[in-house]
Amino acid sequence: MPYRPPAPLPLPRKPTLVSSLLSSLRPAPTLDAWSVRAKDVAWRGILGNVGKSGVDTAIGRKDSDVAEGVVVASPSDGGVKAETGEKEPNYHYTWTRDTTLVLPVLLDKLHQSGDVEEREYLHGIVKAYLRATKKMQENENPSGGLKTGGLGEPKFMVDLSPFDGDWGRPQRDGPPLRVLFFISYAEILLAHPPGTPDALFSTASEQEAMLKALFDPASESGVVFRDVSYVLENWADEEGFDLWEELEAPTPFTLLVSRESLRRASALAKALAHPTLSAQYSTAASEVTPTLQRFISPSRPYLLSAPDPEKFGRSGLDAAVILAVLHGGGDGQWALTADRVLRTHFEVQEAFRGMWRGWSEINFGRWAGAVPIGRYPEDRYDGVEGFGETKMGNPWYICTLAFATHLYLAALHFRSNPITPTALSAHFFAQFLPSLSSSSASYDTYPPESAAHDTILRGMRTLADGYLALVQRYEGADGRLAEQFNKQGGRPRGARDLTWSYEALWGAVKARERERK
């Protein structure tokens, strides 16, 4: 029997008085039970936004205009939401960044699945996206052509034609993120060659052809080779926009994913017998590291979102730094548990606690210290009416879930490692260990299984669960996730069924599962 994709999420609908009353009376499931359901919702939400996935109605419309393998950011197309009457933004495009953050979920499922038909189905989507990538790389667009900057184009129409409107371009995080995705796919192929269990190709010639479609230096082709070449040439270029598409400045997110893509490309080149290229990529990766120092301020304890953020009217506090650490393979001062990373987590969290406390209707007393996380405190994008000096941003599902993910993964690290607070990280740890002073001259080391170590770990897990519980409380009908949720009461706001929100949900629940094993 051929594989049948999962059923789509129900179409959005306007709540009635009766449905709203019944929903309010229905007891909330435990977080454990909700997490199981949430992972299923995330998977269905992602597939429903992939062109020709077979889950046509999950995004509330047929996807005949969407090219095969293309990930649509959201079905919101600038119309009016049937369920709320609000005008919605137009996110009916495909962004390279969103796509390549989302598609690793397919590789995760591919790795886990023991069903041959399901694996073929998922592999088909990956191959379709490779074909779509080749087409986007080769077509001229407002950023240029294949060798003249076009790979830095941030978004395309869903049929793969160029988007010709004004936009913040180039965005240099797309090519390295795409490198990371396709190298993860290549690593699966190399680990499971034809003739071995879980092989994706039945013959060596088929697999060799695919590896050449990914990386072929001899002909200067292959989607990975092209993107790595772009990274190699452009990673130090300061002309480019951040992941929020607002700041034209160097950012930790772009530099960390660029460095990680070069490191991974070096390993792939070595595995495919290209030692000279491997060394070239490795050298370039090492050259990125010193440039990250510009995001460390001697007068501030947290990592900055851009050099000199004041010239943009910002403090430099930004959830994008945590996203950079999660997706950019951070190490050293950018590791998950590095002192400044932990302090940045704490400072962003407390900035939003102070902001929301005065005028939000969300009850913060029930989330074990967790607060809804927006992009950055000075945000003026409300998700519906756009930007404005008198407007104020909202919490984002992506950001709130990223803070949960970070806590779970940090707790997983500390399960088998000692905790040594410093003057930088003591503020973070003191929220779990009240006896810890954030202004001590020196600090003790807490080994695993010590009372203080256990107390801190328990507190980190509880706070992470608080972030997930916030999302559970303020998700949309049927568990759907939009881009944002309203600071005035928590109703979903902005682009609906945001694919990146579903990826963030999947990642947070998966991190929770890993930490609890």
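**Entry 1, the whole chain.** I noted first that this is a predicted model. I looked up the secondary structure and found 16 helices and four strands in the chain. The radius of gyration is 23 Å, close to the 24 Å that the globule rule gives for 517 residues, so I wrote down that the chain is as compact as a globular protein of that length. I then looked up the extent of the C-alpha trace, which spans about 65 × 60 × 50 Å along its principal axes. Of the 517 residues, 58% are buried, and among contacts with a separation of 6 or more, 67% join residues 24 or more positions apart.

I checked the length of H2 (residues 31-47): at 1.5 Å a residue its 17 residues should span 24 Å, and the end C-alpha atoms are 24 Å apart, which agrees. How many of the 17 residues of H2 are buried? I found twelve, and so noted that H2 is mostly covered. Among them are Trp-34, Lys-39, Trp-43 and Arg-44. The buried residues of H2 pack against helices H3, H4, H5, H15 and H16.

In H7 (residues 204-214), I found Gln-207, Met-210, Leu-211 and Leu-214 to be buried. Seen down the axis of H7, these buried residues fall within an arc of 100 degrees, so they line one face of the helix. They pack against helix H5 (116-138), helix H6 (174-191) and helix H8 (223-234).

Technical notes: Residues numbered from 1 in each chain as written. Predicted model: local features only at pLDDT ≥ 70, side-chain atom pairs only at ≥ 80, totals over all residues. Heavy atoms only, no water. Buried < 20%, exposed > 50% of the residue type's maximum accessible area, 1.4 Å probe, protein only. Helix = DSSP H or I, 4+ residues; strand = E, 2+ residues; numbered from the N terminus. Arc of directions from axis to C-beta. Contact = heavy atoms within 4.5 Å. Expected span 1.5 Å × (residues − 1). Rg over C-alpha atoms; globule rule 2.2 N^0.38 Å.
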